[in-house]
Amino acid sequence: MAQRAVSVIAALFVAGLVVGPVAAVLWRGGGFTALSTADLDALQFTVWQAFWSAAISVGLAVPVARALARRQFWGRGALISIMGAPFILPVVVAVLGLISVFGGRGFLNAVLGPLGLPRLDVYGAHGVILAHVFFNLPLAVRLILQGWLAIPSERFQVAASLGAPVFWLLEWPMLKRIVPGAFAVIFVICLGSFAVALTLGGGPRATTVELAIYQAFKFDFDLSKAASLAVVQLALGLGAGLVALFLARGDMLGAGLDRVVRRWDGSRVMDAMWIGAAALFLLAPLCALVIAGVPGLGDLPGSIWAATGRSVAISLGAVVLTMMLALPLATRAGEAASLLGISVSGLVLGTGLFILLQPYVRPSSVALPVTLLVNVLMSLPFVLRILRTGVEGAKADYGRLGASLGLRGWALWRIAYLPRLRRPMGFSAGLTAALAMGDLGVITLFSRPGQGTLPLAMYELMGRYQMGAAYAAALVLVAVSLALFWVFDRGGRVNADV
Amino acid sequence: MLTFEGAVFQQGSFIVSADFAVSEGGVTAVIGPSGAGKSTLLHGVAGFVPQVAGRTRVQGRDVTRAAPQHRPVSMLFQDNNLFPHLTVMQNVALALGPRLRPARDVRDRVEEMLDHVGLSGLSDRKPAGLSGGQQSRVALARALLQDRPVVLMDEPFSALGPALKDEMLDLSVSLAQGRTVVMITHDPADAGRIADAVIGVVPGRALPPVPTQTFLTDPPDEMRDYFSLL
């Protein structure tokens, strides 16, 4: 029964952390009096950009996924692995990569300019959509690829021997089933986009509701307005989240994509083109970032290293707290409860926490703990999804053996269950660490300049147009994020007797 | 010894009833078609499946409501008898307490028991480094070291080949001397080989034990269908 008590305490803690701020937001912003035309424009832009980001991502993902599903080539496994990387790639890093390719002084303009072609500009509505496609195209490819690989290879053999149209017979029914869910998931992700809008958007035509919340804080110092906008974002997120929950299929972190189905249709050249274009689109910004960032590494200001230290501390703290909450919550009910948190965006939680804390403490003095807590809430749904099957499997396989040996409570977990969970725990701790390391969200509401995390310090560098230093800092950030992920994930694999 | 007084065990919507006594110190086989409730009966005795009616006694003591770890029984499961991440020493030492670094005297007792089951010098290995037969011996060593008067065996050797299975059954019975062994099998030959008595299980009901020879030559009416299929 002691175990049940721990679960209940963990559940109440998580529920309180979500419900408290949401209640504060509703209480403060429930009147809707403060909504202006600009706010309604933000609402409209949010939905519009989310729709197009999702549509373009999914539309491009279909041919790429089909090509990957039916072609075997050198580097295929690596490419599919890289498609999982944007999940842990810090948003600011990706944005800087895109700027270094598509920006005013970027690589593409350097090539196109002499040819007399018009100059590209990455800032604005199209930049926001470009960045969202960069992040979500790989996710869409992986989701749709799962659908393709789920079609039994025998059916392709039957279709080939009959000379039947593979698309209408096999692929169209699969796409009809998978694509709406993939679209919905990406739509929801883009609705809550903050860091991309903060760095590439802004202005009357490219402000999302999340960005408007930030602006209400920073430019208007208007907490009521921020709260009203947070209510709008909350309704948006919950509504779309519910729809996505019904439509979504497949596993966002799914494994087992290393199989190729032998097929007898399709053009080899077209498939190669799609795969090549997707790989170029995803890899070029990262390569350009390395080229742009390395020269500045030598003379990074000391403040960047201080910010790195703060980020690492938040990241490790988030890992510890997330694991402490996730293990007792790794049940079906716990996972369902944590999903509530995912449709409440970080900025909405931040606004609520700000309202709750402001009467008692100076917000900037709690910037780092609040960032840590919000990151824990954001990671929990993913972590629980990863851990739950492991926990349930360990209990099913070894629960009775443990009980017959008299193992109970902590001893049961220490001796029987935790060693069985090393791999999923290592993987999910790595995800949590990388997500917290790269998060640029709630910290922007609370922190004062020069005292924030590494992503915030990078944003400040971008604001001062110190792009060389920003590129170099981006390299530090991506290196530390990947290193944290690698260390935890590796720690879970080494010497694990499964 | 092991006595069921109108006992009914329920797992989900499935129930199995038993109302008889198992004699002390012998080997009793449990035979019946799959899905009839053999495992449910054994797991009920071990305390994993709730008892919804009647009483179960071991050596006169009422264990109907006792938690698994407080019952005077040890159990060999069908699979997952060993923790893959622990060494042979750690796995067996758990019989004597929840310590991963067992004390000197515990280590000595474990080594002694490993000698008995023929596993000298393997205490530092992990299960993955052992053959299937050796893994069975580790599990048997632990069950014996628990030193409980009743040993329940839920077909722990069913994954082994026929010769190895016979060898393990013989070893189990000779080492469990003096304890009451109740073992599930789907092979009447196993029962003929080592069991003194047989409990037949038909869907939902365990029949009172019958001497093995009687059971095999003249099975209870309820079991005739089952035997005609063998």
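In this predicted model, helix 12 (residues 268–293) and helix 21 of chain A pack at an angle of about 120°, with axes 8 Å apart; the axes are lines fitted to C-alpha atoms over the stretch in contact, and angles run from 0 to 180 degrees between N-to-C directions. Helices are DSSP runs (H or I, at least four residues) numbered from the N terminus. Local features need pLDDT of at least 70, and side-chain atom pairs count only at pLDDT 80 or more, whereas totals for chains, interfaces and linings use all residues. Residues are numbered from 1 along each chain as its sequence is written, and chains are lettered from A in the order in which they are written.

- Helix 12 of chain A contributes Leu289(A), Val290(A), Ala292(A) and Gly293(A), and helix 21 of chain A contributes Tyr471(A), Ala472(A), Ala474(A) and Leu475(A); contact requires C-beta atoms, placed from the backbone, within 7 Å.
- These residues comprise 7 nonpolar, 1 polar and no charged; nonpolar covers Ala, Val, Leu, Ile, Met, Phe, Trp, Tyr, Cys and Pro, charged covers Asp, Glu, Lys and Arg, and the others, Gly among them, are polar.

**Domains of chain A**
- Domain 1 spans 1–27 + 298–498 and domain 2 spans 31–295, with bounds from an automatic or database domain assignment.
- Their centres, taken over C-alpha atoms, are 24 Å apart.
- The contact takes 35 residues from domain 1 and 33 residues from domain 2.
- On the side of domain 1 that touches domain 2, helix 21 of chain A supplies the largest share, 10 residues.
- That side of domain 1 holds 27 nonpolar, 8 polar and no charged residues.

**Residue contacts**
- Leaving aside neighbours within four places in sequence, Ile186(A) is in contact with residues including Ser53(A), Asn136(A) and Leu139(A).

Key:
Two residues are in contact if their C-beta atoms, placed from the backbone, lie within 7 Å. Helices (H or I, at least four residues) and strands (E, at least two) are DSSP runs, numbered from the N terminus.
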